[in-house]
Amino acid sequence: MKQHAEREIVQLTPLCDKKGNLNPEAIGFARKPIIDCNLTGHFLRKKKWNYWCVYGEDILFSATISHLDYAAVCFVYFLEYETQRYFEKTITIPLGTKIKMPTQVLETVTFANSELSIQITYFNGNTQLTVISPNFDGDRLHAELTIHHPKDDDSLNVVIPWNRQTFQFTAKHHTLPTSGHVTIGDRRFTFNEEDCFAVLDYGRGVWPREATWNWGMASQRIRGRRIGLNFGGQWTDGTGMTENAVFINGTMTKIHEDVIFTYDRWNFMKPWTVTSKFSDNVSLTFTPFFERIAETNAKLIRSEVHQMIGYYNGKISLEDGTVLHIQQMLGCIEEHIAKW
């Protein structure tokens with residue numbers, strides 16, 4: 001069974017109509033961030049986030065500014081691969097009225113209080129990511145990273161329509177060369193553009209009260225080529241749209257077929273598989289070496305994330321007949337259950 005091709009959007013398009021409902025013209029995918037996320041209304045249902053994940057040679061570093069409409073949640077974490085030293089700091093700001101979440105993917109967004117400051121500043125083809133925390137696992141954290149957005153690179157920008165009232169725009173920008181440093185206490189981790197890549201997950205939408213999703217991704221240099229993988233499951237199923245794509249040296253191949261994530265919910269550390277639903281075009285195994293668990297359990301809000309860090313192996317057959325062989329490719333995969 002062949003999947004239908006999704007509609008490609010090529011001009012600047014607003015996500016919402018004047019009433020704040022989904023603009024039908026926005027349903028589709030784009031290779032550039034040309035959807036304007038003009039969310040309004042939908043009291044307490046709007047969800048917005050800018051999540052950055054940077055793969056260094058020694059550590060994975062991540063920073064997020066998010067707004068759930070009734071609170072802002074900002075978090076920073078790092079994992080040292082070899083020692084598995086891991087720490088995560090989360091700040092929740094009730095109402096979060098001072099945090100402005102921009103409507104365009106590549107715009108500046110900042111958060112600062114006495115415990116944590118995150119500055120994501122976009123200018124002229126680069127994102128400057130500055131994170132400072134005076135007490136990060138007992139140490140001072142100072143991250144200063146320059147993330148380069150190559151001018152001709154494609155990115156994945158997709159609108160997922162559940163219905164006119166509930167919908168999500170997601171932008172996944174992959175294989176962004178990153179330089180700079182992350183200093184934790186007296187340890188300094190250096191990032192270089194040749195081997196270190198950032199991934200952006202930008203989300204703006206109106207969500208149902210309960211949601212479950214899977215996300216698998218990786219951005220690495222493999223045999224001289226910048227390779228990015230992006231797969232999503234559960235939340236997109238049945239909508240006619242996917243967030244499945246492969247990036248090779250900045251060129252995106254969209255995968256129109258749904259994929260299935262298979263894993264053991266009682267032991268997330270067992271290998272996962274990601275396979276295409278109707279064909280054998282996607283056949284990947286993911287073997288974790290670390291499990292990040294992030295839980296929120298406030299009466300009205302419940303969120304549980306199991307994000308695994310590990311390695312992808314397998315193959316992906318692309319429409320043009322190219323077969324991409326994946327061997328020991330460092331990446332992440334996750335299950336997220338939200339009641340928000």
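A: Asn192 touches Glu57, Thr178 and Ser179, leaving aside residues up to four places away in sequence; contact means heavy atoms within 4.5 Å. The model is predicted, so local features need pLDDT of at least 70 and side-chain atom pairs count only at pLDDT 80 or more, while totals for chains, interfaces and linings use all residues. Residues are numbered from 1 along each chain as its sequence is written, and side-chain values use heavy atoms, with hydrogens and water left out.

Asn192 sits in the loop between β14 (187-191) and β15 (197-206); strands are DSSP runs (E, at least two residues), numbered from the N terminus. Its relative accessible area of 25% makes Asn192 partly exposed, on a scale where buried is under 20%, exposed is over 50% and partly exposed is in between (1.4 Å probe, protein chains only). The side chains of Asn192 and Glu57 are joined by a polar contact of 2.9 Å. The side chain of Asn192 also reaches the backbone nitrogen of Glu194, at 3.1 Å. A polar contact is a pair of N or O atoms within 3.5 Å; within protein, one must be able to donate a hydrogen and the other to accept it, and residues adjacent in sequence count only if both atoms are side-chain atoms. Arg164 lies 28 residues from Asn192 in sequence, and their C-alpha atoms are 44 Å apart in space.

Strand β16 (residues 210-222) pairs with β17 in the antiparallel sense over nine bridges, where pairing requires at least two DSSP bridges. Met217 has Asn230 of β17 as its bridge partner. The two strands form a hairpin with two residues between them, and Arg223 in the turn has a positive phi of about 45°. Eight of the nine residues of β17 are buried, so β17 is largely enclosed by the rest of the structure. Thr236 is in the loop between β17 (225-233) and β18 (244-248). Thr236 is buried, at 0% relative accessible area.

The largest nonpolar core has 50 residues, and those with the most contacts inside it are Leu15, Phe61, Ile118, Leu129 and Val131. Strand β13 (residues 167-184) gives the most to this core, six residues. Apart from it lies another core of 32 residues, including Phe247 and Met252. Such a core is a set of buried Ala, Val, Leu, Ile, Met, Phe, Trp, Tyr and Cys residues joined through side-chain atoms within 4.5 Å.

Finally, the charged pairs. The whole structure has 17 salt bridges, each a side-chain nitrogen of Lys or Arg within 4 Å of a carboxyl oxygen of Asp or Glu. Glu335 forms one with Arg265, the closest N and O atoms being 2.7 Å apart. This pair links strand β24 (residues 323-339), which holds Glu335, to the loop between β20 (259-262) and β21 (272-276), which holds Arg265, 70 residues apart. Glu335 is buried at 2% relative accessible area, whereas Arg265 is partly exposed at 41%. Salt bridges with shared partners also join Glu8, Arg31 and Asp154 into one network.

Conventions. Helix = DSSP H or I, 4+ residues; strand = E, 2+ residues; numbered from the N terminus.
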